[in-house]
Amino acid sequence: MRKLLGMAVIGFLVASTALAAPSSSSQKLALEALLKRSEATHSDAMVIWQDGREIGHYYKGGKAPGPIDLMSVTKSVVALGVAQLVAEGKIKSFDQPVADFYPEWRQGRKKIITIRMLMNHTSGMQNVMNTTVEIYPAPDAIQLALAAEIVGTPGTDPNYNNKAVNLLAGIIEKASGKPMDVFFRDGLFKSMDIKPGPWEKDKAGHPYGMAGLPLTAADLGKVGQLMLDKGQWRGKQLLPVNVVDALSQPQAEASMGLLWWIDPAYRHFDYDPAVFDVLRKRGVPEATTLALQEGLRGVHFDDVETMQAGIAKALGPDHKDALRDELISRGIGPYRLFKMTAGPTACISGNGDGGQYVVVLPSAKIVAVRQIDAEGSQEQEGEDFEDFVQRVLDVAGHSAKAAH
């Protein structure tokens, strides 16, 4: 068990869990709940810092694990690389056309697609949500993205797009003169003493922008701290404040920044009868539409966790496949099934498949990380820690129920 900067450490639950002396009894209770939940969801690592000091951790087996694939949290790290190149003038701005780097895009609707549109998921590029269908089998993820058809109007309707984000790896390489993994290794990672595992690459040798970067919990925490401190690291301004702030500005959707998510203090969800016409117009199978219409009739949910549990109950045992293949693949995420009421912005976060998280809470100077290593196996029900952000907000004194 670790001694934290002279603070008393209280061990509880198991030897792999530690809690520094909290500032209040309510924070102690919230931290205990967070750590218990970390164990219950089979986390490999969960660490939370406040004012740059660790105030609690949970490690499966009692020891901090090595680097774990961040999954889609990789996108949030890639955003920092784009921000660095904007600051250096090697990318003119987030609104520079992709065609400046790939002249073959100087035609049709592709010529109006900007780097920002790749980052806020409004490129309009054709996309299959399941990455095992197109992206991983493709020998070159960048060429796959370049060849994609444009099926939506660029700059308008957000639609989460892994294929589009992979194109950022090529842009970073063209702008910096280095492959993306080398650019980070020699730049931000070196400056912050971050030691990544091998970045997953396609057969052509390009690191994926959508996922594939392994970091330890401690090193992912450094990424969060850099965001919290607006580009400053140990007294040195590695990134200008304005480009860091740009990553967390709301885009076409209020919850979406530039490869960072914007989380309100609370979200409440209510039944929306109008949404089912939208589902039918977008081609969602009638059986799925009817199941949601009946299962969600008249509901109200106070938080994301109970909302997602409600969808799961409505869709039945195969709810994950139905949500991914029949809804999200058509640009319909779970939030769009409801009338949503959101509180003021509380934090920003990166999150990835299986429940990988980095959460940055400026008002309380908190950074929190959760990791689970599900490589080679599908995570089990409940392991994806869907209420992690809210649990971190609870530590800071934010309560979804109190805000209702």
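## His-57 and its strand

His-57 is found in strand S4, where strands are DSSP runs of E with at least two residues, helices are runs of H or I with at least four, and both are numbered from the N terminus. This is a predicted model, in which local features need pLDDT of at least 70, side-chain atom pairs count only at pLDDT 80 or more, and totals for chains, interfaces and linings use all residues. Residues are numbered from 1 along each chain as its sequence is written, and side-chain values use heavy atoms, with hydrogens and water left out.

His-57 is buried, with a relative accessible area of 6%; buried means under 20%, exposed means over 50%, and partly exposed lies in between (1.4 Å probe, protein chains only). The side chain of His-57 makes a polar contact with the side chain of Glu-54, at 2.6 Å. Such a contact is a pair of N or O atoms within 3.5 Å; within protein, one must be able to donate a hydrogen and the other to accept it, and residues adjacent in sequence count only if both atoms are side-chain atoms. As for S4 overall, 6 of its 7 residues are buried, so the strand is largely enclosed by the rest of the structure.

S4 runs antiparallel to S3, and 6 bridges join the two; strands count as paired if DSSP finds at least two bridges between them. Glu-54, the residue that His-57 contacts, is also the bridge partner of Trp-49.

S3 and S4 form a hairpin with 2 residues between them. Asp-51 sits in that loop, between S3 (45-50) and S4 (53-59), and has a phi near 55°, a positive value in a residue other than glycine. Most residues other than glycine have a negative phi.

Asp-193 counts as partly exposed, at 44% relative accessibility.

## The S11-S10-S12 sheet

Here's an open sheet of 3 strands, in the order S11-S10-S12 with antiparallel pairing. S11 (300-301) and S12 (338-342) stand at the edges with a single partner strand each, so one side of each is left without a neighbour in the sheet.

S10 (residues 267-271) is joined to S12 by 5 bridges. Within that pairing, His-268 stands opposite Thr-341 in S12.

## Two cavities

A search of the whole structure turns up 2 cavities of 30 Å³ or more. A cavity here is a set of points, on a 1 Å grid over the protein atoms alone, where a 1.4 Å probe fits but cannot get out, and lining residues have an atom within 4 Å of a point. Grid points are joined across faces, edges and corners, and a volume is the space filled by probe spheres set on the points. The largest cavity holds about 80 Å³ of space, and its lining includes Ser-72, His-121, Tyr-160, Trp-260, Trp-261 and Asn-351. That lining divides into 6 nonpolar, 5 polar and 1 charged, with Ala, Val, Leu, Ile, Met, Phe, Trp, Tyr, Cys and Pro counted as nonpolar, Asp, Glu, Lys and Arg as charged, and the others, Gly among them, as polar.

The second largest cavity has about 30 Å³ of space. Its lining has 9 nonpolar residues, with no polar and no charged ones; among them are Val-77, Phe-184, Leu-188, Met-192 and Leu-226. Helix H2 (73-87), H7 and helix H8 (217-228) each supply at least two residues of this lining.

Notes. On a 1 Å grid over the protein atoms alone, a cavity is a set of points where a 1.4 Å probe fits but cannot get out, and a pocket is an open set with protein on both sides within 12 Å along at least five of seven lines; lining residues have an atom within 4 Å of a point.
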